Amino acid sequence: KQTLLPLLKEEISSFIFPCKPAVQRPERQHMVMELLRCIPLLLFLLFVCGLDHFIFTILSVIQNHSFIEYSYQASHHLSVNVMGTSLMAQLLRGTIGALNTSFESEVETSNLVCLPRPTGMTRQQYLNTCLPLGLLALLCLAQVYPFRLRRAIAAFYFPKREKARVLFLYNKLLRQRKNFLHLQRERVARQARQPPELGTVVLRWCRRRWPWLRRFLRQKCTLCGTPETPQHQPCPNPDCFALYCKSCW
């Protein structure tokens, strides 16, 4: 409707235009909230990866510095000598002589079987672990474009509901614009009643003294603050130095 178009700059920021490829302000707020929900998952993933690396480091230190090797050597020699040439001596040499033994043993062992054998995660494994979270963050950035189709789908299946929504939005914008103009008039009036600052007075004097400086010492719109262009309209009151852009005027 001509009573609403063109939209004001404050109104444009509250709407979503489906044909614009850039992410707009309402979508940006929703996107930031979705990204904030990914932060706990990111912190948990960083904690798990850090804990894994910490445990791997501890087990590696234990494996490298807790190795112990034992070496055991033993020898046993038993020799019984029976002297004499009698029958008893010969009998004893035949029986007790069989007890003569010689035994040597050498045992080497270590605690290698009891030591841990940790295996650290490779860079590819860390990347595969973080990849789902990266895809989730990417979906949070790209979901704004499929969400733009919701209104079109709802309007296709519920045309009467869509008509009621458009009428409600139209009346809402009329009320908001009426209140907006009233609030802006009050703000401009309060601003006009305040004494100008020293820098503002010097700027006005320079612009009046040397008109060619207006190209460099540009003013801003009193309402929206956009820099001065040839389309800006000054206030018709000669005692007022307010300047307005085309949409605000």
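This is a predicted model: local features need pLDDT of at least 70, side-chain atom pairs count only at pLDDT 80 or more; totals for chains, interfaces and linings use all residues.
**Entry 1: salt bridges overall**

I searched the whole structure for salt bridges and found 5. I then looked up several of them in turn.

**Entry 2: Glu11 and Arg177**

I began with Glu11, which forms a salt bridge with Arg177. The closest N and O atoms of this pair are 2.5 Å apart. I checked where the partners sit: Glu11 is in helix H1, residues 9-12, and Arg177 is in helix H7, residues 159-193. The pair links distant parts of the chain, 166 residues apart.

Are the two residues buried or exposed? Glu11 has 7% relative accessibility, so I noted it as buried. Arg177 comes to 14%, so it counts as buried too. The cut-off I applied for buried is under 20%.

**Entry 3: Glu27 and Arg148**

Next I looked at Glu27 and Arg148, whose side chains meet in a salt bridge at 2.7 Å, N to O. Which parts of the chain does this pair tie together? Glu27 belongs to helix H2 (residues 25-65). Arg148 lies in the loop between helix H5 (144-147) and helix H6 (149-157). The two parts are 121 residues apart in sequence. I wrote down both Glu27 and Arg148 as buried.

**Entry 4: Glu162 and Arg165**

Glu162 and Arg165 both lie in helix H7, 3 residues apart, which is about one turn of the helix. Their side chains meet in a salt bridge at 3.0 Å, N to O.

I compared the accessibility values. Glu162 has a relative accessible area of 13%, so I put it down as buried. For Arg165 the value is 44%, so I put that residue down as partly exposed. For this label I used the range between 20% and 50%.

I also asked which residues are linked with this pair in a network of salt bridges. The network is made up of Arg151, Glu162 and Arg165.

**Entry 5: nonpolar cores**

I left the charged pairs and looked for nonpolar cores. In soluble globular proteins, nonpolar side chains tend to be buried together. How many residues make up the largest nonpolar core here? I found 6 residues in all: Val188, Cys221, Leu223, Ala242, Tyr244 and Cys245.

I noted a second, separate core of 5 residues. Among them are Cys38, Cys49, Leu133 and Cys140.

Terms used: Residues are numbered from 1 along each chain as its sequence is written. Side-chain values use heavy atoms; hydrogens and water are left out. A salt bridge is a side-chain nitrogen of Lys or Arg within 4 Å of a carboxyl oxygen of Asp or Glu. Helices (H or I, at least four residues) and strands (E, at least two) are DSSP runs, numbered from the N terminus. Buried means under 20% relative accessible area, exposed over 50%, partly exposed in between (1.4 Å probe, protein chains only). A nonpolar core is a set of buried Ala, Val, Leu, Ile, Met, Phe, Trp, Tyr and Cys residues joined through side-chain atoms within 4.5 Å.
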